[in-house]
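Student: I have a sequence and a structure to look at, and I would like to learn how to read such a thing feature by feature. Could we go through it together?

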Amino acid sequence: MEDVNDALEKKYSQTQINVSTAPMCLEAFSPKLSEFLHAFNNTSEYEDKAKEAFDRLNEVKDVLLDDMEKLLDRDKKLDIALAKSKLLTQESQTFRKHSRQFNNKTKMRKFCYSFWTVMFIVLVLAAIVLVLCLLVF
């Protein structure tokens, strides 16, 4: 279009352009305008490019939708894993508490058994010493 505008300005002065009628311009630039109209109306090349761009756009949209679905699935899985992790932490803390209580009870029982065993041995030895002392005197 700039070519037509330049040719128009070269051929006619600004005052002639301002006062001219459309038929005068059409006669002078009819072949060039016809060429532009033919190129503009022959849009099969542009339609193919537009269709190709639209198809690629649809492919990108499909990939993005698929990626969004995968991201949402991954988010759900992470939420589930986080919940399981919290539950496991609570259960491990409970297990640790109960195992400490059990160990403390076991240690106390061992101490009691040891204490009473030592006391029994001391009593038996005391009884033996007493019996021996009575036999000797």
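Tutor: Let us begin with a term: helices (H or I, at least four residues) and strands (E, at least two) are DSSP runs, numbered from the N terminus. The model is predicted, so local features need pLDDT of at least 70, side-chain atom pairs count only at pLDDT 80 or more, and totals for chains, interfaces and linings use all residues. Residues are numbered from 1 along each chain as its sequence is written, and side-chain values use heavy atoms, with hydrogens and water left out.

Student: How many helices and strands does the chain have?

Tutor: The chain has four helices and zero strands, and its elements, read from the N terminus on, run α-α-α-α. Helix α4 covers residues 44-136, while helix α3 covers residues 22-41.

Student: Where in the chain is confidence lowest, and where is it highest?

Tutor: The value to look at is pLDDT, the predictor's confidence in each residue, from 0 to 100. The mean pLDDT of the chain is 84, and 73% of its residues reach 70 or more. Confidence is lowest in helix α3, at a mean of 65, and highest in α4, at 93.

Student: What share of the residues count as buried?

Tutor: A residue is buried under 20% relative accessible area, exposed over 50%, and partly exposed in between (1.4 Å probe, protein chains only). Of the 137 residues of the chain, 3% count as buried. Accessible areas come from the Shrake-Rupley method with a 1.4 Å probe, and for residues only the protein chains shown count as cover. The chain exposes about 12,900 Å², of which carbon and sulfur atoms supply 65%.

Student: How many salt bridges are there, and which side chains meet in them?

Tutor: A salt bridge is a side-chain nitrogen of Lys or Arg within 4 Å of a carboxyl oxygen of Asp or Glu, and by this rule the count comes to two. Lys 51 is exposed, with a relative accessible area of 51%, whereas Asp 55 is partly exposed at 32%. In the salt bridge of Lys 70 and Asp 66, the N to O distance is 3.5 Å. Lys 70 and Asp 66 are separated by about one helical turn because they are four residues apart in helix α4. Lys 70 is partly exposed at 45%, and Asp 66 is partly exposed at 34%.

Student: Which residues form the aromatic cluster?

Tutor: Rings of Phe, Tyr and Trp (its six-membered ring) pair if their centres lie within 6.5 Å; planes under 30 degrees apart count as stacked, over 60 as edge-to-face and the rest as tilted. By this rule there are two aromatic pairs. The rings of Phe 111 and Phe 115 have centres 6.3 Å apart and planes at 20 degrees, so this pair is stacked. Phe 111 and Phe 115 both lie in helix α4, four residues apart. The rings of Phe 115 and Trp 116 have centres 5.2 Å apart and planes at 75 degrees, so that pair is edge-to-face. Phe 111, Phe 115 and Trp 116 form one aromatic cluster; Phe 111 is exposed at 54%, Phe 115 is partly exposed at 38%, and Trp 116 is exposed at 58%.

Student: How many disulfides does the structure hold?

Tutor: A disulfide is a covalent bond between the sulfur atoms of two cysteines, and it is counted here as a pair of cysteine sulfur atoms within 2.5 Å. The structure holds zero disulfides. Cys 112 is partly exposed, with a relative accessible area of 33%, and Cys 133 is partly exposed at 36%.
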